[in-house]
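I opened the model and kept notes as I went. The entries follow in the order I looked things up.

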Amino acid sequence: MVGSKWMKAKLALGLKLNSCLYVPKTVDDSPADAAPARFSAAVSLSPTVPRDSGHQVRMPTTPTPSSSGLLSPNHSSKSSKNICAICLDSLKPSHGHAIFTAECSHSFHFHCITSNVKHGKKNCPVCRAKWKEIPFPGSATDNSRGERINNASSAQDDAWMRGVRRMNSPRVEVNRQIASLFHAAEPAVFDDDDEVSSSNQPSTTSNISSSKNIDSTQAVEIKTYLEVSAVPKSKSHDDFAILIHLKAPIATIVQHSEIDGSGSSPTSRASVDLVTVLDVSGSMAGTKLALLKRAMGFVIQTLGPADRLSVIAFSSTARRLFPLRRMTHIGKHEALQAVNALSSNGGTNIAEALRKGAKVMTDRRWKNSVSSVILLSDGQDTYTTSGPGGGNTRSDYESLLPVSMHRSNASGLHIPVHAFGFGADHDALSMHLISENSGGTFSFIEAESVIQDAFAQCIGGILSVVVQELRVEIECIDPTLKLTSIKSGSYNAILASDKRNGSIEVGDLYAEEERDFLVTTDIPISQSNDVMLSLVKVRCVYKNPISKNFLSQDSVTDVKIQRPDIAGSVEVSIEVDKQRNRLRTADAMAEARAAAELGDLTCAVSVLEKCRKELLETASAKAGDRLCVSLDAELKEMQERMANRCMYETSGRAYMLSGLSSHSWQRATARGDSTDSTSLLQAYQTPSMVDMVTMSQTMVFDNRPTPRPTIRPTMSFPARLHPR
């Protein structure tokens, strides 16, 4: 009878004997003699990182992307997902049955699977995968041995209160200790953060040092470029463009992270408060959760002893795994244990997770100089934005981000949320809006294997902040001039009522990060005898995150233009031209996306094609500028991802929004496998980002080098392409 039911189940699910899904190996699946290679709290999740004879870091084995990967088609029929493979009845929760979703992502009626377990069966009835967590048909009050118990599993339950009974393993005692994190009552106020050193406390003074007193190694580089070098006196020039180019100073000596075995040392870079908000809903089961744990292991190992980390995990509800804790040797060990104990189940409640992340930041007693939030999700919020009709409005999405985290809120946190959309099913619109409203970036992780590199790129920037609260001030010199526009992307630009002054609120800059802003003015016909006309002067005010001092820096000279009596031949500035191309491309992307959202993909592709043709006719494109090549490649990729509605929904929208985020903030984002520094799409990467991605890509796993593409240095957009 059992064999007959099993054959019926296989027929209903369209399975063959050799069609099992790949299940990533976990610590409980590994044989006893494979302990050194485990991604466990005892070995590979230990802050004391093992090394081979070549002094290379050995990290835990990475699950190989398989037929269950993010980019692979789903071979199960839609109907099979709604059928219990044991009794062949419907799996809809509304039918009165609790649902159990296993770590291999197959679902069953709870009473059906517990009946199997009582008969000693500890493998998945569908794919035969060995489970390390099994359902236990008991009540929490009957748990005399203190084991974690899972009684039922419905979409509306509190996922953190649904424990599981762990099978015997060498780490059972550690897991019991970590389990208390999920069941212990959270404090009403999150003021239990670790104390930071007095040298890392933000300064309350507002003294400003002049440019004469600024160390050249701390100074922001200011350059200006004119659209053309001369305008004849007899002619006027409307919307004359002036490019303001900024470059942050180089990175100072960083904190020693224990990943390089050097131990701790006094910090000489800005210390960081980091909150990671991680999706552990049911859709993250299997390979995705294993890769997320590995990526978080890398992040934890790269943090220094003065940095502090807190982790929020969420599914149907959200839970703070531990408070802001300094990443000392002990802090890392506890953080890695907590991350490794994560399991997936339940729905997706992004709004509650972000509220809890904001609470960690607002309630903390101490503050490091730099604060950031990293959000990762592979699904759509099923609790806040899903209306009866299934449609969401912009106001629905905006409700996901707490008001205190909005960058437009004058009394808010001003802490960026860097959002990562994982796979084809995440809600790119909401993730992009969350990052945009908070001042962060949105990255699209299309390939499952890129998650660690994407995190590495982001962390490489966060750990290299050298400028804070940067404000650019522009003032007209000649009394006849007025500013007509300030093109600053997503940065807030303010134009005075008399249009004689303007400013741009830039905020933080990573080491050697560059920003370009176009300012326009109308140059009138001149009656003066002067052959030079002073246009504007530029000033930067910013804070050094280490010394906490505010610095004021002026451009070396005022911006001037020649006013000859007779017009001569003039050349258009390549620097100004290519920044115009960047802005033109970003505008085309926004216009194409608007058309695509209205369902007119033909119009969207046409807009991008028109922009590509215009780029080819510009002076910088004809000069072989790298930026123009990059922009054209990006537009072409977007056109291909708009081939049909299905492709746009699964990857085109997210790819385009990630591109818009990158250009509007002039900061690197991940798109697919684009963290590879050989990609033309990574022109915003800073040296610190490249170094961190290189570290991620060249780690050695299980004493065998992981094949990776050759790494070469990248250039930011303002850099020129060297001739070969």
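**Entry 1: strand 13.** I looked up both faces of strand 13 and found them covered: Val417, Ala419 and Gly421 are buried on one side, and His418, Phe420 and Phe422 on the other. Buried here means under 20% relative accessible area, exposed over 50%, and partly exposed in between, with a 1.4 Å probe and protein chains only. Six of the six residues of strand 13 are buried, so the strand is largely enclosed by the rest of the structure.

**Entry 2: ground rules.** This is a predicted model, in which local features need pLDDT of at least 70 and side-chain atom pairs count only at pLDDT 80 or more, while totals for chains, interfaces and linings use all residues. Residues are numbered from 1 along each chain as its sequence is written, and side-chain values use heavy atoms, with hydrogens and water left out. Helices (H or I, at least four residues) and strands (E, at least two) are DSSP runs, numbered from the N terminus.

**Entry 3: partners of strand 13.** I checked the pairing, where two strands pair if DSSP finds at least two bridges between them. Strand 13 pairs with strand 12 in the parallel sense, over five bridges. Isoleucine 374 has histidine 418 of strand 13 as its bridge partner. Strand 13 also pairs with strand 14, again in the parallel sense, over four bridges. There the partner of glycine 421 is phenylalanine 444 in strand 14.

Entry 4: What is the strand order of the open sheet? I read 11-10-9-12-13-14, six strands with mixed pairing. Strand 11 (318–326) and strand 14 (442–445) stand at the edges with a single partner strand each, so one side of each has no neighbour in the sheet. From one strand to the next, the twist averages 15°. Angles run from 0 to 180 degrees between N-to-C directions, and axes are lines fitted to C-alpha atoms, for helices over the stretch in contact.

Strand 10 (residues 308–314) and strand 11 run antiparallel and are joined by six bridges. Alanine 313 stands opposite arginine 319 in strand 11. Helix 4 (residues 287–302) packs on this sheet, touching strand 9 (272–279), strand 10, strand 12 (370–377) and strand 13 (417–422). The direction of helix 4 makes about 175° with that of strand 9. Contact means heavy atoms within 4.5 Å.

**Entry 5: aromatic pairs.** I used this rule: rings of Phe, Tyr and Trp (its six-membered ring) pair if their centres lie within 6.5 Å, with planes under 30 degrees apart counted as stacked, over 60 as edge-to-face and the rest as tilted. The count comes to three aromatic pairs. Tyrosine 491 and phenylalanine 517 have ring centres 5.9 Å apart and planes at 90°, so the pair is edge-to-face. Tyrosine 491 lies in the loop between strand 16 (483–487) and strand 17 (492–495), and phenylalanine 517 in strand 19 (residues 514–523), so the pair ties together parts 26 residues apart in sequence.

Buried or exposed? Phenylalanine 517 is buried, at 0% relative accessible area. Tyrosine 491 is buried as well, at 7%. I then took tyrosine 491 with tryptophan 665: the ring centres are 5.0 Å apart and the planes at 85°, so this pair is edge-to-face. Tryptophan 665 is in helix 14, and the two residues are 174 residues apart. Tyr491, Phe517 and Trp665 form one aromatic cluster.

**Entry 6: arginine 667.** I found arginine 667 in the loop between helix 14 (645–665) and helix 15 (687–697). With 9% relative accessibility, arginine 667 counts as buried. Its contacts, leaving out residues up to four places away in sequence, include Asp508, Glu513 and Tyr684.

Arginine 667 lies over the face of tyrosine 510, 3.8 Å from the ring centre. A charge sits over a ring if NZ of Lys or CZ of Arg is within 6 Å of the ring centre and within 35 degrees of the ring normal. The charged end of arginine 320 likewise sits over the ring of phenylalanine 190, 4.2 Å from its centre.

**Entry 7: arginine 355.** I placed arginine 355 in helix 6 (residues 350–363). Arginine 355 is partly exposed, with a relative accessible area of 46%.

**Entry 8: totals.** The chain has 15 helices and 24 strands. Buried residues make up 54% of its 724 residues.
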